[in-house]
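Please read it alongside the sequence and the structure shown here.

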Amino acid sequence: MLSSGGAPPFAYRSALSDALRVVAEAWDIWRDSPLGALAEQDLRRLVNAASLETYQPSETLVREGDPEDHLLLILRGTAEVSVSSGEDAVPLAFVGPGQLLGELALITGGVRSATITALEEVAAARLDSGDVGRVMRENEALGNALRASAERLLVARFIREVSSLASLDDGARQRLADRVHSRTYAPAETIIRRGQPGDECFLLRSGFAEIEVDPSSDLPLLKIGPGTLFGEAALVSNLPRQVTVRAVEPCTALVIDRDDFVGLLETDSDLARRVKDLVRLRDRPARVEGIEKHHRVSADGERFVVLKDRLRGRYFQLSDLGWFVWQRLDGTRNVRDLAVAYLNERGGFVPQPIADLLARLARGGFIVTNSVEPEGRSRDGGLGGFAERARGALTWYHPISGIDSALTRLYNRYVRFVFTRIGQILLAAIAVVGLVAFLTMPVDSRRSGAGLLLVLIPVFALSLLVHEAGHAFATKAFGREVNRAGFGWFWIGPMAFIDTSDTWLATRRQRLAVALAGPYATVVFAGLLGLVARAFDPPLSAALWFAALVSYVSVFQNLNPLIELDGYYTLVHLLDRPNLRMKALGWLATSGWGALRHPSRLRGHGFDALYAVASVLYIIGAATLLVFLYRSVVQRWVEQVVPSSVAPVIGWGLAGLYVIVTVAAVGADLRRARRSSHAAP
Amino acid sequence: MSEQGGVKLLDRWIEDESFRTALRSDPVVAVRGLGVEPTVEEREWLTSIDWTLSDEELEQLLEKAFYC
């Protein structure tokens, strides 16, 4: 073991040849270690005082809690540093050649604060603490080097205990510990100042500080203590500091530079998600200017508020809790402040519902936030990605705004009569008599020629117009606004639309009437075609009869509750369940399959499951009906145009196309629903 | 729950993702995990938190008609 005076520099526990190889490599390792700060003469004194120890894999080099009496310099092999947490050992770092172990105990005194275990065969030089302490007292450089090494270990341990950085793996934690630097603050000293740019974030290591949101605000100051990460929002959002943080007592903070912090987020997606959540939860959002508030009472007597963004034509429903929060969103309160206010005034612990509400308000653009926007939609590959791209290419429209005043004038001058009792009786009579005329049309009168298309195209265009006019004027009849109208393409055919979102401010019965007004107008129009067809001879009678048929089929198609068509909106209003489709699909996408194996999970989601099952049944039923209608009514007509062997195939093709389009639409929405159900913190 | 106790829970809730998750699955056990024994009244309101938020953006009602 030891010493001066010609004794061998190391005592050997392993094979001599192995030890000789270690010795040959050892000098460079000594020089590169924290002890390399010593003058060569002093370093040689330590080398001569050291002994060689070797450890087999899993063997303990030092044990947490043992008295500190020596240091180890790793010469070969890798070991793991860990600390106990309950019954578990929590790994802190890996150590290898050139790293000094036990210097922490030398600096802090007392017992070992970590356990070090060999991961492979390890060779280490053992130094008596007394020898090192003596040299340290004589050599300031060595003392500083050892203190710096101990500090890195302490910092790594501190970071491990900070919950917001808990997900860092050992390597990332060690890299961060190597890069941060400590800064101390006197009482009342400002650490960060509101409005200033931020290039650093902080981990409060000791002492307490207070956060001031706005000097003019009467909100109490929030006190933060050791382990709190702050100042990260400015690094993530690139916005100026939103608060001032001031030391209450002598404080020490670990300072993390922007590049280091951003680098960490880029390499650790879990940490990036946690930090974004943290920034969002600490954010102090403010209401967007110009939002209208409409107090409403639901069909079952529940009071709620509907927010209306007139500029963008968007609506948001607030419960009692939502209204409580909305009134306080003045840019000075975060989730914590709002939850404390609710706790004091109403006596409930609701931070999560408040956080969810703020996430939804932010997504809808009803509040201004300083935090990171929710993740953008990522395009996936595979069949799902294909369905989404197909949806984008096959469903588009051109909106036309500013039509409400023209529609109001039209309604007041020409259409108001239709919504009187007499007008409605007249429309009903046309619908019923026209349907009878259509059904009883002699087969001979349905035969047509090649000129059919010339009649059909303008009739279809007129039918679209009548359908949308039904929605639009019904909306006006209930005193609501028509935000916009437009035309476009919907999967496999041209489409027109009317935006009746303003009926969210109407009663449920009025919304139902508006949703059904379009199909009803089409039924009346088809009845009119059926009546007119009886007045003409073929081929015109056949063309009109066929146009009536297609109109009736389009009504059936529009009542499909699986796609956002009239049938779906009718169901939404009937059940008074806004966003029914996305909620049911969201549940199906995240929990539906699990509920098949565990029926208890169906509790509270009975309707979601029913909607999902009904969706499948509807697709099968609609495809079957399509084939039946085609074969019994249309096929004979088609056989006049195409070879009789091809005509039946067209029917199956149409049914198949219908199924594909519906399944693709549902599939694309399932993906959207799954994403939105994971958006809130 | 006292204001001080509630605020302490809130701070933990904001900083600690695992506590947020635990609170969602079993609020009483999560609070006990912090070394706090909730009273009967506190247990009642912890277990009666309504996670199914009815506040939501209302979907746009685009009343469509199309032909194929």
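Two strands are taken to pair if DSSP finds at least two bridges between them, and the strands themselves (E, at least two residues), like the helices (H or I, at least four residues), are DSSP runs numbered from the N terminus. In that sense A:Lys308 stands opposite A:Tyr315 in strand 20 of chain A. This is a predicted model, in which local features need pLDDT of at least 70 and side-chain atom pairs count only at pLDDT 80 or more, while totals for chains, interfaces and linings use all residues. Residues are numbered from 1 along each chain as its sequence is written, and chains are lettered from A and ligands numbered from 1 in the order in which they are written.

**Where the chains meet**

- On chain B, 33 residues are in contact with 58 residues of chain A, contact meaning that the C-beta atoms of two residues, placed from the backbone, lie within 7 Å.
- Two or more residues each come to this side of chain B from helix 1 (3-15), helix 2 (17-25), helix 4 (40-47), strand 1 (56-58) and strand 2 (62-66) of chain B, and helix 1 of chain B gives the most, with 8 residues.
- The side of chain B that touches chain A divides into 17 nonpolar, 3 polar and 13 charged residues, where Ala, Val, Leu, Ile, Met, Phe, Trp, Tyr, Cys and Pro count as nonpolar, Asp, Glu, Lys and Arg as charged, and the others, Gly among them, as polar.
- Strand 24 (residues 493-499) of chain A runs antiparallel to strand 2 of chain B and is joined to it by 5 bridges; within this pairing, B:Leu62 is the bridge partner of A:Asp499.

**A sheet built from both chains**

- An open sheet of 4 strands has the order 18(A)-19(A)-20(A)-1(B), with antiparallel pairing.
- Strand 18 (292-297) of chain A and strand 1 of chain B stand at the edges with a single partner strand each, so one side of each is left without a neighbour in the sheet.
- Neighbouring strands of this sheet are turned by 30 degrees against each other on average, direction ignored, with axes being lines fitted to C-alpha atoms (for helices over the stretch in contact) and angles otherwise running from 0 to 180 degrees between N-to-C directions.
- Strand 19 (residues 303-309) and strand 20 (residues 314-318) of chain A run antiparallel and are joined by 5 bridges.

**A sheet within chain A**

**Strand 12 of chain A**

- Strand 12 (residues 209-212) of chain A has a covered face, A:Ala209 and A:Ile211, and an uncovered face, A:Glu210 and A:Glu212.
- Strand 12 pairs in the antiparallel sense with strand 13 (residues 222-224) of chain A over 3 bridges and with strand 15 (residues 244-247) of chain A over 4 bridges.
- A:Ile211 stands opposite A:Leu222 in strand 13 and has A:Val245 as its bridge partner in strand 15.

Methods. A residue is buried if 20 or more other C-beta atoms lie within 10 Å of its own, exposed if 12 or fewer, and partly exposed in between; C-beta atoms are placed from the backbone.
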